[in-house]
Amino acid sequence: MIVQFWGAAQTVTGSMHLVHYQGKKILLDCGLFQGRRRDAFKRNRDLPFEGSEIDAVILSHAHIDHSGNLPSLVRSGFKGPIYATSATRDLAVYLLLDSAKIQQSDVKYVNRKRKKNNEKPFTPLYEQEHAVAAIKQFRPIGYDTNFEPTPGMQCRFHVAGHMLGAAMVELEMQRPGQSPFKLVFSGDIGRPDMPILKDPVTIPGANMIIMEATYGNRLHPKGGDAKQVLLEAAMDAHQSGGKLIIPAFSVGRTQEIVYRLNLLAEAGELPKMKVFVDSPLAVNATNVFREHVECYDDEMLEQIMIEEDEDPLAFHDLYYVRNVELSKAINQLREPCVVISASGMCESGRILHHLKNNIEQPETIILFTGFQAPHTLGRILLDQSLDIIKIFGQPYEARAQIRRLESSSGHADQSELFNWAQAMAEEGDLEKIALVHCEMDSAQPFKQLLDKSGIGPVLIPERGQTVAL
Ligand SMILES: [Zn+2]
Ligand SMILES: [Zn+2]
């Protein structure tokens, strides 16, 4: 009985851990590694095993850094079941198809470089047909429901509070002549009091925890009331006649913002203006949110019980835009409005058209709602580091107002992670914790914190490292 760490080991992305149990190989997550495009492409293409060697996959949640390399696994011969919660399966359908499209455009970039070096061109990491094949292998399972990925291994999903459908994975493995060994894989750990979603839980009796520590080194800023920040931005745009543009990830952040705007609209506080959700992926994801009541917290459930507001992801002036022509028409609109669009870091997608058309107007407000990675257009705008920015190769003067919604991370911060680990240790017979899904500058301080409190022992596995269970 061993676990081998093949991804998100001393880095954040590419989550992938292989459990060997009684001659079977069970893979926890099969995520895309995201980094410099060329390195990422090679890492994702060269899986450390053949897909045909793997007996089953257990998927913690639909984010691409956890699910995005499933089509490659299928391409390399994986024919087994992919266990996930129902909401994760439903979101993965759209996210994997979207990812296949991105792979096709990424390979063009890689091949331009290869051509310069007289190297043979690559084919895409995977194509739509591989994504579709992976989708067919999903086996949706409810939360808190036992299933057996292989004889002798009992598994259950628990609420992780990180995104719709996100789960912590509990694996209980029978050992001859001993009590069963309980391995808990945290997946990504969410935060208490996130809108829409239930809070993360703890699981009693763990012998080993594979735990994420993305923010093991920092506390999230308190950052005031998100509803208030949104309301002020909307009122200011309404008053000055400008547009409020909100770059947001299509799955999760978009629905949180719509939900908050819905509360403001229902309370009669939101000024009279049209609100557009302009992203086909966001429209599809919102429909998935509507179907998964089992993921809702009490506040969201109360909302759907209000007779006049059965759908907390809809209100009178809200328009979901799928069609390209309608998307373009928003730019012709000469009245204040709110536009929520993707991508969240302004790297691609329809958000670029809205920025291009409005960034030079001082009455435009751009409200950032999530992490902006270094070197992305989102980060450049947020830091206000350049007066002239480039969109589609053309220069634009950055005159719009820049604002930020602070308290909106989907990941637990240092103190929330610590509280979770402490509760898990108290309730269990803990033999070790492996920290994953983090850079070393997060992992080291968090390990020290746990060491000091006698929680552990803690290891920070390297890629390829094997640990006995
Ligand atoms: Zn995630
Ligand atoms: Zn993640």
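Strand E13 (residues 274–278) and strand E15 run parallel, joined by five bridges. Strands (E, at least two residues) and helices (H or I, at least four) are DSSP runs, numbered from the N terminus. Two strands pair if DSSP finds at least two bridges between them. The model is predicted: local features need pLDDT of at least 70, side-chain atom pairs count only at pLDDT 80 or more, and totals for chains, interfaces and linings use all residues. Residues are numbered from 1 along each chain as its sequence is written, while chains are lettered from A and ligands numbered from 1 in the order in which they are written.

Stay with E15. In this strand, isoleucine 340 is the bridge partner of valine 277. Strand E12 (residues 243–247) also runs parallel to E15, again through five bridges. There, isoleucine 245 stands opposite valine 339. How many of the five residues of E15 (residues 337–341) are buried? Five of the five are. Buried means that 20 or more other C-beta atoms, placed from the backbone, lie within 10 Å of the residue's own; 12 or fewer makes it exposed, and anything in between partly exposed. In a regular strand the side chains alternate between the two faces of the sheet. Both faces of E15 are covered. Cys337, Val339 and Ser341 are buried on one side, and Val338 and Ile340 on the other.

Now the domains. The chain is divided into domain 1 (2–218 + 410–468) and domain 2 (226–404). These bounds come from an automatic or database domain assignment. The C-alpha centres of the two domains lie 30 Å apart. Across the boundary, 16 residues of domain 1 are in contact with 18 residues of domain 2. Contact means C-beta atoms, placed from the backbone, within 7 Å. The side of domain 1 that touches domain 2 has ten nonpolar, three polar and three charged residues. Here Ala, Val, Leu, Ile, Met, Phe, Trp, Tyr, Cys and Pro count as nonpolar, Asp, Glu, Lys and Arg as charged, and the others, Gly among them, as polar.

Next comes an open sheet of seven strands. Their order is E7-E8-E9-E10-E11-E20-E21, with mixed pairing. Strand E7 (147–150) and strand E21 (458–459) stand at the edges with a single partner strand each, so one side of each is left without a neighbour in the sheet. Within this sheet, strand E10 (residues 178–185) runs parallel to strand E11 (residues 208–212), joined by three bridges. Valine 184 stands opposite isoleucine 209 in E11.

Isoleucine 209 counts as buried because it has 26 C-beta neighbours inside 10 Å. Leaving out residues up to four places away in sequence, isoleucine 209 touches Val184, Ser186, Met424 and Ile433. Helix H14 (residues 440–452) lies across strand E20 (432–436) and E21, at about 160° to E20.

Finally, the helices. The axes of H4 (residues 86–116) and H8 (residues 280–291) come within 9 Å and cross at roughly 170°. Axes are lines fitted to C-alpha atoms, for helices over the stretch in contact, with angles from 0 to 180 degrees between N-to-C directions. H4 and H8 are therefore roughly antiparallel, a term for angles over 145 degrees. Ala87, Asp90, Leu91, Tyr94 and Asp98 in H4 meet Leu281, Asn284, Ala285, Val288 and Glu291 in H8. In H1 (residues 37–45), Phe41, Arg43 and Asn44 are buried.

Note on methods. Angles under 35 degrees count as roughly parallel, over 145 as roughly antiparallel, 65 to 115 as roughly perpendicular and the rest as oblique. Two residues are in contact if their C-beta atoms, placed from the backbone, lie within 7 Å.
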